[in-house]
Amino acid sequence: MHAHRPDHRAGPAPDGPLTDRQDTFEVVRELSSPVWVFDIDHNRVICANAAACTMWQAEDEAELCARDMSLGMSTTVARRLRQYQDDFLRQPGITFREMWTLYPHGKPVSSNVAFRGFRLPDNRMAMLCEILSGTGDTPDNLRSTEALLHTDVMIAHFDLRGTALYMNPAARNVIGCAAENLGSLFTDKADYHAMMFDLDGRGEHRMVAQVALSPDPMWFDLSAKLCSDAVTGEPAVLVTAIDVTELKTARDTARYLADRDQLTGCYNRFYMQRHFDALQADGQTGHVMLYFDVDRFKHVNDTFGHEAGDAVLKTLAKRALSAVRDGDIVGRLGGDEFVVLLTCPAEDKMALQRAEQVFEKLAGPLVRGSASIPVHVSMGCARFAPGKDDFEAVMRQADIALYHSKREGRNRLTFFDTDMGRAALAKIRLESEIEQALQNEEFVLHFQPRVDVKSGAVVSVEGLVRWNHPERGLVPPDEFIPVCEETGLIETLGQHVLEIGFRQARAWHDAGRSIDMSLNISPRQFSDKQLMQTLSRFAATRDFPSHRIELEITENILIGDVGAIASKLKAISEMGYRIAIDDFGTGYSNLAYISQFPLSGLKIDQSFIRQLPETGPIVSLILALGQQVGATVVAEGVETREQFDWLSYHNCDQIQGFYFSRPVSLENLDDHWLADRPTPRTGSPP
Ligand code: C2E
Ligand code: MG
Ligand code: MG
């Protein structure tokens, strides 16, 4: 316990008065004021004179020595006695003179007592106690009374029913008559009951509790100890309290801020992680993580402004909070990403139901002024079991499921399953391989000639990217373009392709060759700011043949804000580039708008050519449309003589396809197609 306790353990309690140190004890017995020796280790009197016996209301010394003095002794007094024992060991000869209330047979007797250390024959430290004559007005008592009156610490005595027996000035000042009853001091009665319960069991209790003293919240650091009333000897409660409102408010604010996302008031990632770990540590039931983000959030920001974007996030936070139950928590990870942790039974059906309930509450337009902002979310869900998974792993699963929701067309919820995990892993691997390949410049362009149907001359080539993989050889674009689109790598790859293509176009132009080149622009690349910068940077260089370059975009690029798209296309064509629509006929572009875009070419999708002549009416329609808007029509994927003849007969402008040539490397292109050679002749009508 204390470092200064005697180094040997206390032996068994002696049965009667000690007689070994007869001389000392004899002296004690001769004194006229009450004197006794108290064995602190055993809570026994081991020697007492007649006056002490009278004071303690004992028949004789033997009866007093047989008493177990620990009965009814409060923990505070017991602790105080042990403190004396240590003090005596540390400072031999020290004497304490204090006002004490003793309880002979439970009746309080207040006396001025002197305490000194007393070595027992077995060398343990006991206590020699002597009742001093006169009043209690010793210097120590006078000072301690002063201290009690002037301290800022609130000190009060209550009986066990909670009625105030005494309050020092600080307590009276703050608590006043508000706490005539101890229980009424507490805002939350459960705090009071917890305190009384603990006092009953351990004799003391400490807590920071909210007290009902003002309309504003007020907090006390309270310490309560069971003791006896010095007047009646009845059990009582000594309460000391310090007002910690300011400290607590400051700490609570700091904690609130540290745990929260400032915009929405939701929890932040750090808190979510901590909460997750806590669930894992003591959770009994299963849980579900919901991970969601706003569909086309960028579009909301671009169209309605960033304030509207913030309003959408705040609204979503509110909706999510209103959809969850006690114990569930909502967090925002940043951007438009939210995570909800639901506690719910392990069965699939229940988990799905709870997730759907939350999901359904999230969507719905947000009305701001005259604008109605459509709000939809995509959600991924992953279950986790107590003690098994870590936060990052579950997040990854929920993220993969979210990604599936997006891929399936957004505005939906998907639960993670392990097959998704495998596919996602393969994708992640491919993604990092592609990144590496970009650094190693493993991407090359092959070129497929485009032939003018009337003259049979190669008028243009389409640059098509290939991955020159060190082990797998030439990898076709279908195997990596979609991943690049999803991950954003297309921005780097697309940039790379443009630079290779433009350099080649420039080389042909400088060599005096009149050949056009078309290059593919993916949807994501089209909305990337860097595209415009690259296009204008090249167009601004001296003698750059931008009129020889055609950019192929897909129809879905044309869906959306028609005005914005039209002005972007206009800016591109003003730089001299031409624009063609690739795979025409497969998308859902609104034909009514086609004429508003500066288009120089339409490339009929291969699927229509493959099915000629059944698809003849559609192909004819596209040919007519091309003529109407003044665009060159190119048939793609022409493989057979029959297809070629049909197209030639129906006045298609140009063809591209295996019938004429597969995409070839630059060397093969030079050798076979750009040298002077005979060209295929137009056939007879089909
Ligand atoms: P696309 O732009 O429509 O390119 C035409 C595709 O059809 C090429 O496939 C070409 O090899 C193939 N093709 C040409 N003639 C025939 C034919 O007669 N029969 C058949 N069955 N196929 C024919 P490739 O090179 O595999 O490219 C596939 C797609 O990948 C391209 O379709 C384009 O969408 C994309 N792509 C290729 N290079 C790039 C690029 O540099 N950037 C972007 N964003 N996409 C690219
Ligand atoms: Mg193309
Ligand atoms: Mg195409």
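Student: What makes strand 8 and strand 9 a pair?

Tutor: Strand 8 and strand 9 run antiparallel and are joined by eight bridges. One facing position has valine 211 opposite methionine 218 in strand 9. Six residues lie between the two strands of this hairpin.

Student: What kind of model is this, and which conventions apply?

Tutor: The model is predicted: local features need pLDDT of at least 70 and side-chain atom pairs count only at pLDDT 80 or more, while totals for chains, interfaces and linings use all residues. Residues are numbered from 1 along each chain as its sequence is written, chains are lettered from A and ligands numbered from 1 in the order in which they are written, and side-chain values use heavy atoms, with hydrogens and water left out.

Student: Which other strand pairs with strand 9, and over how many bridges?

Tutor: Strand 9 (residues 218-228) also pairs with strand 10 (residues 235-243), antiparallel, over nine bridges. Leucine 222 faces alanine 241 of strand 10. As for the numbering, strands (E, at least two residues) and helices (H or I, at least four) are DSSP runs counted from the N terminus.

Student: What is the strand order in the sheet, and which strands are its edges?

Tutor: The sheet is open, with five strands in the order 7-6-10-9-8 and antiparallel pairing. Strand 7 (164-167) and strand 8 (204-211) pair on one side only, which makes them the edge strands. From one strand to the next the twist averages 25 degrees.

Student: How do you know that helix 7 packs on that sheet?

Tutor: Helix 7 (residues 189-202) touches strand 8, strand 9 and strand 10, where contact means heavy atoms within 4.5 Å. The direction of helix 7 makes about 175 degrees with that of strand 8.

Student: How is the protein divided into domains?

Tutor: The divisions are domain 1 (2-145), domain 2 (151-249), domain 3 (264-416) and domain 4 (434-667), with bounds from an automatic or database domain assignment. Taken over C-alpha atoms, the centres of domain 2 and domain 3 are 45 Å apart.

Student: Which residues are closest to ligand 1?

Tutor: Arg466, Asp582, Gln606, Glu639 and Phe658 are the closest of 22 residues around ligand 1, each having a heavy atom within 4 Å of the ligand. Strand 19 gives the largest share of the shell, four residues.

Student: Why does aspartate 582 count as a polar contact of ligand 1?

Tutor: A polar side-chain atom of aspartate 582 is 2.8 Å from an oxygen atom of ligand 1. A polar contact is a pair of N or O atoms within 3.5 Å (within protein, one must be able to donate a hydrogen and the other to accept it, and residues adjacent in sequence count only if both atoms are side-chain atoms), so 2.8 Å is inside the limit. Aspartate 583, at 3.1 Å from a ligand oxygen, and glutamate 636, at 3.3 Å, also meet it.

Terms used. Two strands pair if DSSP finds at least two bridges between them. Axes are lines fitted to C-alpha atoms, for helices over the stretch in contact, and angles run from 0 to 180 degrees between N-to-C directions.
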